[in-house]
Amino acid sequence: MTPRTVFRASSLALIEYRCGAGRGDSPFVERHALHSVSYVRCGSFGSYALGAFHEFVAGSLMVGHPGDEYTCTHEHHDGGDECLSVQLSAELAESLSGDARVWRQPRVPPLPELMVFGEFMQAAADGASDLGADEAALLFAARFAKTVRADGRRALVAVSAKDRRRAVETALWLDAHSHEPLDLETAAGHAGTSAFHFLRVFGRVLGVTPHQYVVRSRLRRAARLLAEDRPVTEVAYDAGFGDLSNFVRTFRRAAGVSPGAFRRAARGERKILQERIAALG
């Protein structure tokens with residue numbers, strides 16, 4: 001595991017982790033030192049935490065609570081993974097969430113309203129935005145806390161190791177091809193199973209349907225491109241949205257602002273950022 005500290009202060013830190021572990025590496029027990037929420041940028045891994053096994057793919061969030069143990073595995077993927085982790089003091093975590101249960105669910109599935117802000121935060125971490133990394137990290141953490149409070153805890157359903165592998169490997173494939181036309185039958189064919197069985201398994205393992213995951217992968221890509229100051233129309237088609245108006249509606253639902261406003265915020269328009277922070281209160 002290779003960490004890079006992007007920002008650190010007494011109550012907030014932003015750290016980038018790159019893990020090169022693969023199928024042949026032995027897992028080991030780790031422990032969360034602080035409250036944290038880690039955005040999975042790419043790759044996949046599994047984690048045994050709080051008595052259950054959880055799968056993580058691009059767009060998922062790994063949530064940490066001080067003292068909780070977890071064991072990560074890479075049984076489905078040799079490429080490792082990359083995460084951007086926001087770590088918070090107990091006081092800041094409490095002020096954002098208002099509910100301790102927010103920090104006791106180890107995984108949050110890929111959700112559009114969190115993925116676009118994850119890419120916003122990554123742009124700041126990479127120096128591709130005029131916003132401070134601490135500002136973007138705090139906005140992301142606040143968005144996470146509000147979303148999880150509203151969404152509630154998701155039920156875990158037992159799934160075989162073979163089906164978990166199918167779901168994760170196909171999610172990696174979908175993420176790599178999300179800018180192309182895709183449908184359920186194509187995804188199920190890649191997984192080597194029937195469409196109905198694949199639909200059930202994918203949802204049970206990753207918490208979203210295949211179509212939802214594709215759309216959210218497109219939104220992640222779009223947010224990344226917008227942060228690079230690319231034209232909105234170009235971003236829409238490059239990300240895989242075949243219709244500009246559909247892209248604008250979908251992005252606005254996820255981010256709370258239009259693609260154009262999101263791009264301006266990434267370039268440092270403070271008024272938009274301040275409005276989004278106010279909306280999370």
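Predicted model: local features only at pLDDT ≥ 70, side-chain atom pairs only at ≥ 80, totals over all residues.
Student: OK, helices then. How do α7 and α8 cross?

Tutor: Two packed helices are described by the angle between their axes and the distance between the axes. For helix α7 (residues 210-227) and helix α8 (residues 232-239), the axes come within 9 Å and cross at roughly 145°. Axes here are lines fitted to C-alpha atoms, for helices over the stretch in contact, with angles running from 0 to 180 degrees between N-to-C directions; helices (H or I, at least four residues) and strands (E, at least two) are DSSP runs numbered from the N terminus.

Student: And which residues make that contact?

Tutor: From α7 the contact takes in Arg-218, Arg-221, Ala-222, Leu-225 and Leu-226, and from α8 it takes in Val-232, Val-235, Asp-238 and Ala-239, where contact means heavy atoms within 4.5 Å. Those residues divide into six nonpolar, no polar and three charged. In that scheme Ala, Val, Leu, Ile, Met, Phe, Trp, Tyr, Cys and Pro count as nonpolar, Asp, Glu, Lys and Arg as charged, and the others, Gly among them, as polar.

Student: Moving on to α9, is Thr-250 buried or exposed?

Tutor: Thr-250, which lies in helix α9 (residues 244-255), is buried, with a relative accessible area of 9%. Apart from neighbours within four places in sequence, Thr-250 is in contact with Val-215, Leu-219 and Phe-241.

Student: What about Leu-244, what does that one touch?

Tutor: Leu-244 also belongs to helix α9, and it counts as partly exposed at 29% relative accessibility. Leaving aside neighbours within four places in sequence, Leu-244 is in contact with Val-232, Thr-233, Ala-236 and Tyr-237.

Student: Switching to charges, how many salt bridges are there?

Tutor: The count comes to 16 salt bridges, each being a side-chain nitrogen of Lys or Arg within 4 Å of a carboxyl oxygen of Asp or Glu. One of them joins the side chains of Glu-16 and Arg-4 at 3.2 Å, N to O. This pair links distant parts of the chain, with Glu-16 in strand β2 (residues 12-19) and Arg-4 in strand β1 (residues 2-8), 12 residues apart. Glu-16 counts as buried at 7% relative accessibility, whereas Arg-4 is partly exposed, with a relative accessible area of 35%.

Student: Where are Arg-220 and Glu-119, the other distant pair?

Tutor: Arg-220 is in helix α7 and Glu-119 in helix α2 (residues 112-125), 101 residues apart, and their side chains meet in a salt bridge at 3.7 Å, N to O. Both Arg-220 and Glu-119 are buried.

Student: Which residues does the salt-bridge network join?

Tutor: Salt bridges that share partners join Arg-41, Glu-119, Asp-175, Arg-220 and Arg-224 into one network.

Student: Last topic, strands. How do β4 and β5 pair?

Tutor: Strand β4 (residues 35-49) and β5 pair in the antiparallel sense over six bridges, a pair of strands being counted if DSSP finds at least two bridges between them. Phe-45 stands opposite Phe-56 in β5. Strand β5 (residues 52-57) is mostly covered, as five of its six residues are buried.

Student: And what is the phi of Leu-50 in that hairpin?

Tutor: The hairpin of β4 and β5 has two residues between the strands, and Leu-50 there takes a positive phi near 50°. Leu-50 is partly exposed, with a relative accessible area of 48%.

Key:
Residues numbered from 1 in each chain as written. Heavy atoms only, no water. Buried < 20%, exposed > 50% of the residue type's maximum accessible area, 1.4 Å probe, protein only.
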